[in-house]
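User: I am new to this structure and would like a close look at a single part of it. Please take me through that part step by step.

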Amino acid sequence: MNSPDEHPHDEIRPEYQAALRLTLIQQVPWLVLCALLLDSGRTLRLCLIAILGYWMFAMLCLARGHRKPDHAGLLFLRWGFFPLFAVVCFASGYLRQAFPH
């Protein structure tokens, strides 16, 4: 029998489940709001880039999920989408000024 600290490799730890549930509650309405903006889809593309980057990191955290979750990883899984979206928007504005059409 498994001890409380041991989880099978194919099971998502409860700490990760709660963090991922919270981020889905954040990302879905944010994605809909970005899709509704009338800016030729620019904000929607930036939001999709941030979501893709977020979920790539989340999959990395889940791939090493057999270890005990650390505080920084759980903090990013819960609240990391918004700072990542801000960085993507800032980088987009900077790159647009640095490399004009």
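Which residues make the nonpolar surface patch, and what is its area?

Analyst: The model is a predicted one. The nonpolar surface patch covers about 480 Å², and the residues that make it are Trp30, Leu33, Leu75, Trp79 and Phe82. Two elements, α1 and α3, each give two or more residues to the patch.

The protein has four helices and zero strands, and its elements run α-α-α-α from the N terminus on. Of its 101 residues, 27% count as buried. The accessible surface of the protein is about 7,300 Å², and carbon and sulfur atoms hold 70% of that surface. Among the contacts in the protein with a separation of 6 or more, 75% are between residues 24 or more positions apart.

Helix α1 spans residues 14-36, which is 23 residues. From its first C-alpha to its last, α1 reaches 34 Å, close to the 33 Å expected at 1.5 Å a residue. Its buried residues are Tyr16, Ala19, Leu20, Thr23, Gln26, Gln27 and Cys34. These buried residues pack against three helices: α2 (42-63), α3 (71-79) and α4 (81-98).

Tryptophan 30, one of the patch residues, is found in helix α1. Its relative accessible area is 32%, so tryptophan 30 counts as partly exposed, a class that lies between 20% and 50%.

The ring of tryptophan 30 also takes part in an aromatic pair. The count of aromatic pairs comes to seven. In one of them, the rings of tryptophan 30 and phenylalanine 85 have centres 5.9 Å apart and planes at 85 degrees; the pair is edge-to-face because that angle is over 60 degrees. Since tryptophan 30 lies in helix α1 and phenylalanine 85 in helix α4, the pair ties together parts that are 55 residues apart in sequence. Phenylalanine 85 has a relative accessible area of 9% and is therefore buried, the cut-off being under 20%. A further aromatic pair, tyrosine 54 with tryptophan 55, is edge-to-face as well, with 5.2 Å from centre to centre and 90 degrees between the planes. Tyrosine 54 is buried, at a relative accessible area of 0%.

Trp30 and Phe85 belong to one aromatic cluster together with Phe81 and Phe82. Trp30 and Phe82 are also among the residues of the nonpolar patch.

Glutamine 26 is buried, with a relative accessible area of 10%. Apart from its neighbours within four places in sequence, glutamine 26 is in contact with Arg78, Trp79 and Phe82. Trp79 and Phe82 are among the patch residues.

Helix α3 also holds leucine 77. Leucine 77 counts as buried because its relative accessibility is 0%. Not counting residues up to four places away in sequence, leucine 77 touches Tyr16, Ala19, Leu20, Thr23, Tyr54, Ala58 and Cys61. Tyr16, Ala19, Leu20 and Thr23 are among the buried residues of α1. Leucine 77 and glutamine 17 are 60 residues apart in sequence, and their C-alpha atoms are 9.9 Å apart in space.

Terms used: Residues are numbered from 1 along each chain as its sequence is written. This is a predicted model: local features need pLDDT of at least 70, side-chain atom pairs count only at pLDDT 80 or more; totals for chains, interfaces and linings use all residues. Side-chain values use heavy atoms; hydrogens and water are left out. The expected span of a helix is 1.5 Å times one less than its number of residues. Buried means under 20% relative accessible area, exposed over 50%, partly exposed in between (1.4 Å probe, protein chains only). Contact means heavy atoms within 4.5 Å. Rings of Phe, Tyr and Trp (its six-membered ring) pair if their centres lie within 6.5 Å; planes under 30 degrees apart count as stacked, over 60 as edge-to-face and the rest as tilted. Patches are made of residues with over 30% relative accessible area and no salt bridge: like charges are joined within 9 Å, nonpolar side chains (Val, Leu, Ile, Met, Phe, Trp, Tyr) within 5 Å. Accessible areas come from the Shrake-Rupley method with a 1.4 Å probe; for residues, only the protein chains shown count as cover. A salt bridge is a side-chain nitrogen of Lys or Arg within 4 Å of a carboxyl oxygen of Asp or Glu.
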